Amino acid sequence: MKVLIVDDEEMIRAVLKEYVEFEGGEAMEAADGMEAVKMCREYDFDVVLMDVMMPKLDGFSAVKEIRKFKDVPVIMLSARSEEYDKLFGFELGSDDYVTKPFSPKEVMARIHAVIKRSAKGKTRETSDVYEIEGLKIDFKGRNVFVDGEKAELTPKEYELLFYFVENEGVALTRERLLNKVWGYDFYGDDRTVDTHVKMLRGSLKEYRKFIVTLRGLGYKFDTDN
């Protein structure tokens with residue numbers, strides 16, 4: 001486990017580094033967003049802990065830059081708990097958002113969860129078929145089977161389900177789903193997403209349980225609930 005800790009407060013970096021190393025991991029530090037971007041170009045990390053409010057380059061801007069050249073899991077750290085900030089962080093592609101003050105043990109638990117989800121995603125990239133309980137998804141053949149029976153999905157339902165599975169465990173806002181599944185040039189609103197999620201859930205029957213509604217945010221494909 002290799003972690004990049006990005007925060008302008010030295011004490012926070014020191015505490016988190018101590019916990020990472022205590023669990024046998026390796027931690028590197030950056031005091032601002034610009035330094036974080038540079039380090040992500042030079043090294044590979046399993047996860048990045050990114051503070052939001054920093055000098056030179058804030059955390060949101062740093063994540064935006066890093067996403068241009070590397071797809072590394074990111075957990076945002078912020079004293080700002082407003083819903084807008086969380087939504088913005090998820091829109092940029094962050095995997096989790098922790099509000100300060102936080103428990104280092106909680107942060108470590110979130111690190112392990114994010115790394116686990118990332119590992120699942122990498123495994124799936126090398127596989128043509130995804131299976132969980134009685135749900136089977138054939139990515140190349142664009143076929144979905146529910147308890148052995150082929151489900152008749154619309155093209156958008158296929159795309160929506162595939163995107164959910166590819167981002168298993170990640171909180172997805174309605175805006176992000178619109179952008180990724182329908183495209184940035186789509187002229188629609190949140191109701192489009194909600195309507196298709198409702199249709200998809202109907203097609204998946206009892207496995208609709210895997211598509212979890214996140215109140216005030218969006219949805220998440222979660223097979224652990």
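User: Why is Met 199 described as partly exposed?

Analyst: The relative accessible area of Met 199 is 34%. Buried means under 20% relative accessible area and exposed means over 50%, with partly exposed in between (1.4 Å probe, protein chains only). Met 199 is therefore partly exposed. This is a predicted model, in which local features need pLDDT of at least 70 and side-chain atom pairs count only at pLDDT 80 or more, while totals for chains, interfaces and linings use all residues. Residues are numbered from 1 along each chain as its sequence is written, and side-chain values use heavy atoms, with hydrogens and water left out.

User: Where does Met 199 lie, and with which residues is it in contact, leaving aside its neighbours within four places in sequence?

Analyst: Met 199 belongs to helix H8. Helices (H or I, at least four residues) and strands (E, at least two) are DSSP runs, numbered from the N terminus. Apart from neighbours within four places in sequence, Met 199 is in contact with Thr 154 and Glu 157, contact meaning heavy atoms within 4.5 Å. The C-alpha atoms of Met 199 and Thr 154 are 9.1 Å apart, although 45 residues separate the two along the chain.

User: What makes H6 roughly perpendicular to H8?

Analyst: Helix H6 (residues 155–166) packs on helix H8 (residues 190–204) at about 85°, and their axes are 10 Å apart. H6 is therefore roughly perpendicular to H8. The cut-offs are under 35 degrees for roughly parallel, over 145 for roughly antiparallel and 65 to 115 for roughly perpendicular, the rest being oblique. The axes are lines fitted to C-alpha atoms, for helices over the stretch in contact, and angles run from 0 to 180 degrees between N-to-C directions.

User: Which residues make the contact of H6 and H8, and how do they divide into nonpolar, polar and charged?

Analyst: H6 supplies Lys 156, Glu 157, Leu 160, Leu 161 and Phe 164, and H8 supplies His 196, Val 197, Met 199, Leu 200, Ser 203 and Leu 204. The contact of H6 with H8 has 7 nonpolar, 2 polar and 2 charged residues. Here Ala, Val, Leu, Ile, Met, Phe, Trp, Tyr, Cys and Pro count as nonpolar, Asp, Glu, Lys and Arg as charged, and the others, Gly among them, as polar.

User: Why are H7 and H8 also called roughly perpendicular?

Analyst: The axes of H7 and H8 cross at roughly 80° and come within 9 Å. H7 and H8 are therefore roughly perpendicular to each other. Arg 174, Glu 175, Leu 177, Leu 178 and Trp 182 of H7 meet Asp 190, Thr 192, Val 193, Asp 194 and His 196 of H8. The residues of this contact of H7 with H8 comprise 4 nonpolar, 2 polar and 4 charged.

User: How do you know that the span of H8 is close to the expected one?

Analyst: H8 has 15 residues and extends 21 Å from its first C-alpha to its last, close to the 21 Å expected at 1.5 Å a residue. The expected span is 1.5 Å times one less than the number of residues. H6, with 12 residues, reaches 17 Å between its first and last C-alpha, close to the expected 16 Å.

User: What puts the buried residues on the same side of H8?

Analyst: Thr 192, Val 193, His 196, Val 197, Leu 200, Arg 201, Ser 203 and Leu 204 are buried in H8. They cover an arc of only 165° around the axis, so they lie on the same side of H8. The arc is that of the directions from the helix axis to the C-beta atoms. Arg 191 and Lys 198, on the other side of H8, are exposed. Among the elements against which the buried residues of H8 pack are H6, helix H7 (174–182) and strand E11 (211–214).

User: Why does Lys 205 count as exposed?

Analyst: Lys 205 has 52% relative accessibility and therefore counts as exposed. Lys 205 lies in the loop between H8 and E11. Its phi is near 55°, a positive value in a residue other than glycine.

User: Why does Asp 147 count as partly exposed?

Analyst: The relative accessibility of Asp 147 is 47%, so this residue counts as partly exposed. Asp 147 sits in the loop between E8 and strand E9 (149–150), and its phi, near 50°, is also a positive value in a residue other than glycine.

User: Why is Asn 167 called buried?

Analyst: Asn 167 has 15% relative accessibility and therefore counts as buried. Asn 167 is in the loop between H6 and strand E10 (172–173). Neighbours within four places in sequence aside, Asn 167 is in contact with Leu 172 and Arg 176.
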